[in-house]
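Please keep the sequence and the structure in view while reading.

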Amino acid sequence: MGNLLPLRQSPRPDGPIAAFDFDGTLTVRDSFMAFLIWESGPLRAAVRLLRLAPAALAYLAHRDRGRIKAAALKAFLHGKPLSWARERAQIFATEAHLPLRPDALACWEAWRARGARMAIVSASPEFVVAPFAERLGADRLIATQIETDTEGRITGALLGRNCRGPEKVARIRQEFGPDVRLEAAYGDTAGDREMLALARTAGMKVFTGRP
């Protein structure tokens, strides 16, 4: 599974790069948990959240967001085909269960109008964010990858590292080159600081609009 979304050709293939975090920056809330609860329905979601209780308690000690994310994958989606999860994520995005911030969208479109190469860099699983990235016309989606078995079923583990903090920078450099310099970057948590440090224009928690 690559990062390239070949749906839009940037007006300037070598143009400036504008990178946006997804959850809380472009969106009003966390996309992964919103998807899991929507897909499960209230009752099943409550049961599965109870299964997460031990992992949530352990998180208070280790503070590893990748581990708690993998635990959520296992509790909610273990054994499901990734192809099925992608289809469900398309429906989730189409039915607008995750509102986007209007001021963030305005900024996104302003950078597009300037010919920037548009990237979403997210810690959420790639399959959840992909339908939104396609809708927005992103040139690149860099996000957390999830492991599947030989039959394409979700194992409940991450494939590689959680795309947060220094990993965002590592993945950006993998995608755009080791000497990449972002023209702009926007985020809303400590997990975005390293990405923002790569940018000439850096915005932390600058979007507050709600639909």
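**Strand pairing and helix packing**

Ile120 stands opposite Leu141 in strand E3. The model is predicted. The points below begin with the strands around this pair and then turn to the helices.

**The pairing of E2 and E3**
- Strand E2 covers residues 117-125 and strand E3 covers residues 140-148.
- These two strands run parallel and are joined by five bridges.
- In general, strands of a sheet pair through backbone hydrogen bonds, either parallel or antiparallel.

**The sheet as a whole**
- Six strands form an open sheet in the order E4-E3-E2-E1-E5-E6, and the pairing is mixed.
- The edges are taken by strand E4 (154-159) and strand E6 (199-204); each has a single partner strand, so one side of each lacks a neighbour in the sheet.
- On average, neighbouring strands of this sheet are turned by 25° against each other, direction ignored.

**A helix across the sheet**
- Helix H8, residues 166-176, lies across strand E1 (17-20), E2, E3 and strand E5 (182-187).
- Relative to E3, helix H8 runs at about 110°.

**A pair of packed helices**
- Two packed helices are described by the angle between their axes and the distance between the axes.
- Helix H3 (residues 53-62) packs against helix H4 (residues 65-77) at an angle of about 170°, and their axes are 9 Å apart.
- Because of this angle, H3 is roughly antiparallel to H4.
- H3 contributes Ala55, Ala56, Tyr59 and His62 to the contact, while H4 contributes Arg65, Arg67, Ile68 and Ala71.
- Sorted by class, the contact of H3 with H4 comprises five nonpolar, one polar and two charged residues.

How values were computed: Residues numbered from 1 in each chain as written. Predicted model: local features only at pLDDT ≥ 70, side-chain atom pairs only at ≥ 80, totals over all residues. Heavy atoms only, no water. Axes fitted to C-alpha atoms, helices over the stretch in contact; angles between N-to-C directions. Helix = DSSP H or I, 4+ residues; strand = E, 2+ residues; numbered from the N terminus. Parallel < 35°, antiparallel > 145°, perpendicular 65-115°, else oblique. Contact = heavy atoms within 4.5 Å. Nonpolar A, V, L, I, M, F, W, Y, C, P; charged D, E, K, R; others polar. Pairing = 2+ DSSP bridges.
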